[in-house]
Amino acid sequence: MSREPGVERAFTVRAELGLHARPAGQFVALAGRFSSEITVGRGDEWVSGCSILSILSLAAEHGSTLIIRAVGTDAEQAVSELGLLLEAAGQN
Amino acid sequence: MAVGVVVVAHCDLGKEFLRALSLIVPDGRRFFSISLDPSEQLEAMRKKILKGIGEADENDGVLILTDMFGGTPSNVALSFHEEHHVEVVTGMNLPMLVKLASLKDDKSLEELATFVKEYGQRNISVASQLLPEGNSG
């Protein structure tokens with residue numbers, strides 16, 4: 001399978017309670033609006049950006065670093081917007 | 001997929017499950033909840049569940065999630081198994097509901113019941129065993 005070029009950037013989880021269920025739900029809802037395939041990584045572990053439970057399994061606490069990777073035509077926009085959401089999640 | 005989903009549970013457990021679900025998946029599919037009070041007569045309980053099935057059914061069957069095998073909600077729900085196209089999955093948890101709410105799928109009722117049971121079981125964890133290394137302290 002050929003590997004399309006993707007966009008990948010690291011973001012810090014700002015929410016005091018970490019990336020918990022509600023922001024994970026918001027993340028997945030936003031990820032679903034892009035046509036790119038989105039994955040989220042922490043260390044060596046990568047999960048689908050379209051599954052709330054998979055994202056929760058990363059146990060991303062406050063201050064942890066997550067990598068968002070998007071592959072597809074709107075990859076740049078997807079990573080930017082999803083990263084913004086992660087870093088703005090302090091309000092949640 | 002147009003399998004309907006009805007949550008049947010003791011007291012307002014089902015309603016509260018759906019309230020929590022709506023915080024996590026605000027735009028998810030709409031489910032129905034039936035609250036059963038132990039003081040209710042059997043016929044009244046059956047009537048409530050039947051109404052829920054009727055509202056949820058879009059001709060592809062109805063998945064009934066209950067709180068616990070052997071409890072009254074499960075037992076009463078199970079009594080519809082013969083006469084209606086329903087499957088009853090007992091011991092629901094929030095991961096199951098989150099998954100169902102966001103599922104884009106064309107599973108049949110029977111496939112969905114098996115899938116959601118396994119999904120719920122898979123998502124019961126000892127949390128500390130899930131944490132990445134160096135993150136347990």
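**Two chains and their contacts**

Colleague: How many salt bridges does the rule find across the interface of chain B and chain A?

Modeller: Across the interface of chain B and chain A the rule finds 0 salt bridges, a salt bridge being a side-chain nitrogen of Lys or Arg within 4 Å of a carboxyl oxygen of Asp or Glu. This is a predicted model, where local features need pLDDT of at least 70 and side-chain atom pairs count only at pLDDT 80 or more, while totals for chains, interfaces and linings use all residues. Residues are numbered from 1 along each chain as its sequence is written, chains are lettered from A and ligands numbered from 1 in the order written, and side-chain values use heavy atoms, without hydrogens and water.

Colleague: Which elements of chain B give two or more residues to the side that touches chain A?

Modeller: Those are helix 1 (13-24) and helix 4 (94-102) of chain B, with helices (H or I, at least four residues) and strands (E, at least two) taken as DSSP runs numbered from the N terminus. By class, that side of chain B has 9 nonpolar residues, 2 polar ones and no charged ones. In total, 11 residues of chain B are in contact (heavy atoms within 4.5 Å) with 11 residues of chain A.

Colleague: Switching to chain A, at what angle do helix 1 and helix 3 of chain A pack?

Modeller: Helix 1 (residues 21-31) and helix 3 (residues 75-88) of chain A pack at about 170°, and their axes are 10 Å apart. The two helices of chain A are therefore roughly antiparallel to each other, a label for angles over 145 degrees.

Colleague: And which residues meet there?

Modeller: From helix 1 of chain A, A:Q26, A:F27, A:L30 and A:A31 meet A:E81, A:L82, A:L85 and A:L86 of helix 3. The residues of this contact divide into 6 nonpolar, 1 polar and 1 charged.

Colleague: What do the side chains of A:E87 and A:R14 do?

Modeller: They meet in a salt bridge at 3.9 Å, N to O. A:E87 lies in helix 3 of chain A and A:R14 in the loop between strand 1 (6-12) and helix 1, so the pair ties together parts that are 73 residues apart in sequence. Over all chains, a search of the whole structure finds 8 salt bridges.

Colleague: Back to chain B, where does B:S35 lie?

Modeller: B:S35 lies in strand 2 (residues 32-36) of chain B. The B:S35 side chain makes a polar contact with the side chain of B:D12 at 2.8 Å, and also reaches the backbone oxygen of B:C11 at 3.3 Å. A polar contact is a pair of N or O atoms within 3.5 Å; within protein, one must be able to donate a hydrogen and the other to accept it, and residues adjacent in sequence count only if both atoms are side-chain atoms.

Key: Nonpolar A, V, L, I, M, F, W, Y, C, P; charged D, E, K, R; others polar. Axes fitted to C-alpha atoms, helices over the stretch in contact; angles between N-to-C directions. Parallel < 35°, antiparallel > 145°, perpendicular 65-115°, else oblique.
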